[in-house]
Amino acid sequence: MKKIDIKRLALIASLLLIPIFSHAEEVAPSTDTVAETSLNTVWMLLAAMLVFFMQPGFALCEAGFTRSKNTANILMKNFCDFMLGSVCFWLVGFGVMFGCDGAGFMGMPSFGDLSFMKRDDGLPVEGFLMFQTVFCATAATIVSGAMAERTKFSMYLIYSLLISIVVYPIQAHWSWGGGWLNDNGEGTFMHDVFGTGFHDFAGSTVVHSVGGWLALVGASVLGARRGKYGKDKKSRAIPGHSLSLAAVGVFILWFGWFGFNPGSQLAAYGEANSLAISHTFLTTNMSACTAGAATLIVSWLRYGKPSLSLTLNGVLAGLVAITDGCDLVSVGGAAIIGVIAGIVMPFSVEFIDHILHIDDPVGASSVHGVCGVLGTILTGFFATGEVDDTMVGVFYGDHTWNFLGAQVFGALVVGAWAVSIGFVIFKVLDKVHGLRVPARIEDEGLDIYEHGETAYEHA
């Protein structure tokens with residue numbers, strides 16, 4: 001029997017193990033990569049928390065602008081659209097929005113299976129789902145304010161769920177899910193027509209205008225509150241019960257918007273991301289401030305007094321308007337966008353109320369719908385081209401109109417989708433079961449009849 005050569009065996013074993021260890025070195029993520037992914041994940045989830053905190057902001061704002069006898073109903077709606085919407089978006093909406101790799105009219109429902117998504121940036125899919133969920137909830141809750149004080153709670157639940165699984169995710173698929181409104185190179189519609197894609201950084205159109213147009217259509221189908229318009233068709237003011245609640249709600253929304261816009265960067269690691277986040281923070285705040293100041297001045301000149309309620313909506317109008325281009329415009333551009341939104345918003349409220357005779361108790365149609373579209377279009381004028389040289393506003397570069405054309409087209413397409421599908425949903429619900437509560441319930445308050453309890457002892 002031959003004697004085993006231990007040295008030779010050791011040499012052979014070491015040669016066999018070299019490829020294994022060298023491969024491990026190649027695939028093992030570096031410390032920098034792990035740190036980058038971890039920091040970006042924390043930033044994304046922190047931003048999601050801030051956007052979630054906008055839910056109580058909307059609840060307080062809506063409750064303050066309406067009458068005390070309906071406060072419990074309003075608070076309940078703001079809880080339910082997030083609770084039920086989160087479940088439905090996870091089961092259906094997320095797949096509709098991001099499925100099919102951007103191909104087709106819409107993605108396919110994944111029914112809770114998230115394995116269809118593979119993210120190149122390393123962000124956890126579950127965390128990304130949470131971030132997208134809070135955006136979807138925002139679009140759904142905008143509608144609540146415009147249809148407040150006369151909508152059946154059961155009908156609210158149904159149309160809120162339809163927004164979460166159909167209305168919002170399909171059009172968001174076109175813009176944020178890699179769909180046809182993106183510029184995906186030669187041969188694609190947007191590239192061939194405009195040479196660039198539709199841009200909506202954080203949702204002036206995708207979130208806010210969709211909610212605003214649904215609010216306008218829903219309020220129109222539902223009809224005005226009893227006593228809102230006299231026999232002469234003149235509008236009568238129905239004051240809300242607490243400007244204090246409304247003001248706190250707007251402050252909360254303003255705070256939450258620092259997750260809404262800067263959070264859409266989805267990354268915080270590195271100098272480029274830190275600069276981008278800082279820039280969107282500043283442009284977001286600047287637009288809110290100039291819009292609120294502009295509305296204050298308009299109300300003072302037009303009505304003889306500086307109106308707090310209008311100024312609150314003016315701040316929101318500026319936040320909505322800058323949400324599209326907060327990454328592309330300069331700080332000065334953001335200030336101008338805010339001023340324009342702050343001036344347009346009160347006149348839009350007057351037009352919808354006095355001319356169209358559509359009763360929107362909180363002004364959601366003007367703040368989110370009109371100013372959402374306005375901000376999207378203004379980005380086509382004020383984008384500097386420093387972030388993306390294919391997205392240059394009319395006032396910069398070669399003063400071309402391509403990017404503005406893409407912005408106008410995208411806003412119109414999404415608006416047409418929201419109005420048409422919203423009209424179908426609200427009309428069908430109204431015919432099948434009736435959207436509106438009986439006159440007696442509306443007069444005495446939805447709280448006690450719809451929920452068996454009131455928010456205030458005296459209500």
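Student: Which residues in α8 meet α14?
Tutor: From α8 you have Thr205, Ser209, Val210, Trp213, Leu214, Val217, Gly218 and Val221. On the α14 side, the partners include Gly410, Ala411, Val414, Gly415 and Phe426. Contact here means heavy atoms within 4.5 Å. Keep in mind that this is a predicted model, where local features need pLDDT of at least 70, side-chain atom pairs count only at pLDDT 80 or more, and totals for chains, interfaces and linings use all residues. Residues are numbered from 1 along each chain as its sequence is written, and side-chain values use heavy atoms, with hydrogens and water left out.

Student: At what angle do the axes of α8 and α14 cross?
Tutor: Roughly 35°, and the axes come within 8 Å. Helix α8 covers residues 204–222 and helix α14 covers 402–432. Helices are DSSP runs (H or I, at least four residues), numbered from the N terminus. Axes are lines fitted to C-alpha atoms over the stretch in contact, and angles run from 0 to 180 degrees between N-to-C directions.

Student: And how do α12 and α13 pack?
Tutor: At an angle of about 145°, with their axes 9 Å apart. The contact includes Ile336, Ile340 and Val344 of α12, along with Val370, Leu374 and Phe382 of α13.

Student: Switching topic: how many salt bridges are there?
Tutor: The structure holds 10. A salt bridge is a side-chain nitrogen of Lys or Arg within 4 Å of a carboxyl oxygen of Asp or Glu.

Student: Which residue does Arg225 pair with?
Tutor: Glu149, with the closest N and O atoms 2.5 Å apart. The pair links distant parts of the chain, 76 residues apart: Arg225 is in the loop between α8 and α9, Glu149 in the loop between α5 and α6.

Student: Is Arg225 buried or exposed?
Tutor: Arg225 is buried, because its relative accessible area is 4%. Glu149 is buried too, at 0%. The cut-offs are under 20% relative accessible area for buried, over 50% for exposed, and partly exposed in between (1.4 Å probe, protein chains only).

Student: What network does that pair belong to?
Tutor: Salt bridges link Arg67, Glu149, Arg225 and Asp359 in a network.

Student: What about Lys228, which residue does that one meet?
Tutor: Asp353, in a salt bridge at 3.6 Å, N to O. Lys228 lies in the loop between α8 and α9 and Asp353 in helix α12, so the pair ties together parts 125 residues apart in sequence. Lys228 is buried at 7%, and Asp353 is buried at 14%.

Student: And Asp121, where does that stand, buried or partly exposed?
Tutor: Asp121 is partly exposed, since its relative accessible area is 38%. Asp121 forms a salt bridge with Arg119, the closest N and O atoms being 2.6 Å apart. Arg119 is partly exposed at 24%.

Methods. Helices (H or I, at least four residues) and strands (E, at least two) are DSSP runs, numbered from the N terminus.
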